[in-house]
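Work through the exercises below with the model open beside you. Try each task before you read its solution.

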Amino acid sequence: MNSGEIIASHHALRENLELAAYASYAAELTDRSLQDDEAGGYLFRQLRAYLEALEEGKDPQIVTFLYEMKILEASGYGPVVDACVSCGAEDGPFRLSASAGGALCRRCFPRDPEALELAEGPWKLLRLFRRMDLTRLGHVQVKEETKAALKTAMRRLTDAHLGYHLKSRAFLDQMDKYSL
Ligand SMILES: [Zn+2]
């Protein structure tokens, strides 16, 4: 075996480890969120679609954001993203307020000084995530900066409403931090 083969095999291992870490996170998130059998059936269908999406090579971060959105919805915390959650205004710019439960328009910004500014790209994806579920997700190409903004947005929402301390998420963060 030459060094190129060794690097290639480690690459495959790393990729498997990363996918396993994502799968483990989704499983732990589902386990903590299950409340009744009816929601359970729906969430397990979503979880199956999540695992299939990972196996099909879809972007694990995007798939995970969408799954987190489905978990928020099933828990009763689907954010309002197509209008101001406070006054119903439909004109942006909006900021995302986890505590208010979604978008705030310019007039309503003072309701949450911590609300997150987001560009149009992340807003579009948040609206898409609200409309679709895992079984319908195709391959999507998303810019790194948009993914970074979505990560912040989904963290705000899941931390505010679910508040779980999941070991599997801490592990994903460590992998990210040390570029494993
Ligand atoms: Zn408003």
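**Exercise 1.** Find which backbone oxygen the side chain of His161 reaches, and at what distance.

*Solution.* This is a predicted model, so take each value as computed from it.
- Step 1. Locate the residue: His161 lies in helix H5, residues 144–161.
- Step 2. Follow its side chain. It reaches the backbone oxygen of Ala98 at 2.9 Å.
- Step 3. List the contacts, leaving aside neighbours within four places in sequence. His161 is in contact with Leu72, Tyr77 and Ala98.
- Step 4. Decide on burial. The relative accessibility of His161 is 18%. Buried means under 20%. His161 therefore counts as buried.

**Exercise 2.** Name the protein donors of the zinc ion and work out the geometry of the site.

*Solution.* 
- Step 1. Collect the donors. They are the SG atoms of Cys84, Cys87, Cys105 and Cys108, lying 2.3 Å from the zinc ion.
- Step 2. Check the angles. Among the four donor atoms they run from 104 to 114 degrees.
- Step 3. Apply the cut-off. Four donors count as tetrahedral if all angles lie between 85 and 135 degrees. The zinc site is therefore tetrahedral.
- Step 4. Read the spacing of the donor residues in sequence: C-x2-C-x17-C-x2-C.
- Step 5. Take the pair Cys87 and Cys105, 18 residues apart, which links distant parts of the chain. Cys87 sits in the loop between helix H3 (60–74) and strand E1 (94–97). Cys105 belongs to strand E2, residues 102–105.
- Step 6. Cys87 is partly exposed, at a relative accessible area of 38%. Cys105 is buried, at 4%.

**Exercise 3.** Determine whether Arg107 is buried or exposed, and which residues it touches.

*Solution.* 
- Step 1. Arg107 is in the loop between E2 and strand E3 (116–117).
- Step 2. Use its relative accessibility of 67%. Exposed means over 50%. Arg107 therefore counts as exposed.
- Step 3. Set aside residues up to four places away in sequence. Arg107 then touches Cys87 and Ala89.

**Exercise 4.** Describe the surroundings of Ala103 and Val80.

*Solution.* 
- Step 1. Start with Ala103, in strand E2. It counts as buried, with 0% relative accessibility.
- Step 2. Pick out contacts beyond four places in sequence. Those of Ala103 include Val80, Cys84, Phe94 and Trp123.
- Step 3. Move to Val80, in the loop between H3 and E1. At 31% relative accessibility, Val80 is partly exposed.
- Step 4. Turn to Gly102. It is 22 residues from Val80 along the chain, yet their C-alpha atoms are separated by 4.5 Å.
- Step 5. Stay in the loop between H3 and E1 and find Pro93. A cis peptide bond joins Gly92 and Pro93, with omega about 0 degrees.

**Exercise 5.** Identify the members of the largest nonpolar core that touch the most other members, and the element that gives the most to it.

*Solution.* 
- Step 1. In soluble globular proteins, nonpolar side chains tend to be buried together.
- Step 2. Of 50 residues, Leu29, Tyr50, Tyr67, Trp123, Leu126 and Phe129 touch the most other members.
- Step 3. Name the main contributor. H3 gives the most, with eight residues.
- Step 4. Inspect one member, Trp123. Beyond four places in sequence, it touches Val81, Phe94, Arg95, Leu96, Ala103 and Leu118.

**Exercise 6.** Explain why the buried residues of H6 lie on the same side of the helix.

*Solution.* 
- Step 1. List them: Ser168, Arg169, Leu172 and Met175.
- Step 2. Examine Ser168, buried at 7% relative accessibility. It touches Ser24, Tyr25 and Glu28, not counting residues up to four places away in sequence.
- Step 3. Go just past H6. Ser179 takes a positive phi of about 45 degrees.

Key:
Residues are numbered from 1 along each chain as its sequence is written. This is a predicted model: local features need pLDDT of at least 70, side-chain atom pairs count only at pLDDT 80 or more; totals for chains, interfaces and linings use all residues. Side-chain values use heavy atoms; hydrogens and water are left out. Donors are N, O and S atoms within 2.8 Å of the metal (3.2 Å for Na, K and Ca); water is not among the atoms, so sites may look incomplete. Four donors count as tetrahedral if all angles lie between 85 and 135 degrees; four count as square planar and six as octahedral if opposite donors are over 155 degrees apart and all others between 65 and 115; anything else is irregular. Helices (H or I, at least four residues) and strands (E, at least two) are DSSP runs, numbered from the N terminus. Buried means under 20% relative accessible area, exposed over 50%, partly exposed in between (1.4 Å probe, protein chains only). A polar contact is a pair of N or O atoms within 3.5 Å; within protein, one must be able to donate a hydrogen and the other to accept it, and residues adjacent in sequence count only if both atoms are side-chain atoms. Contact means heavy atoms within 4.5 Å. A nonpolar core is a set of buried Ala, Val, Leu, Ile, Met, Phe, Trp, Tyr and Cys residues joined through side-chain atoms within 4.5 Å.
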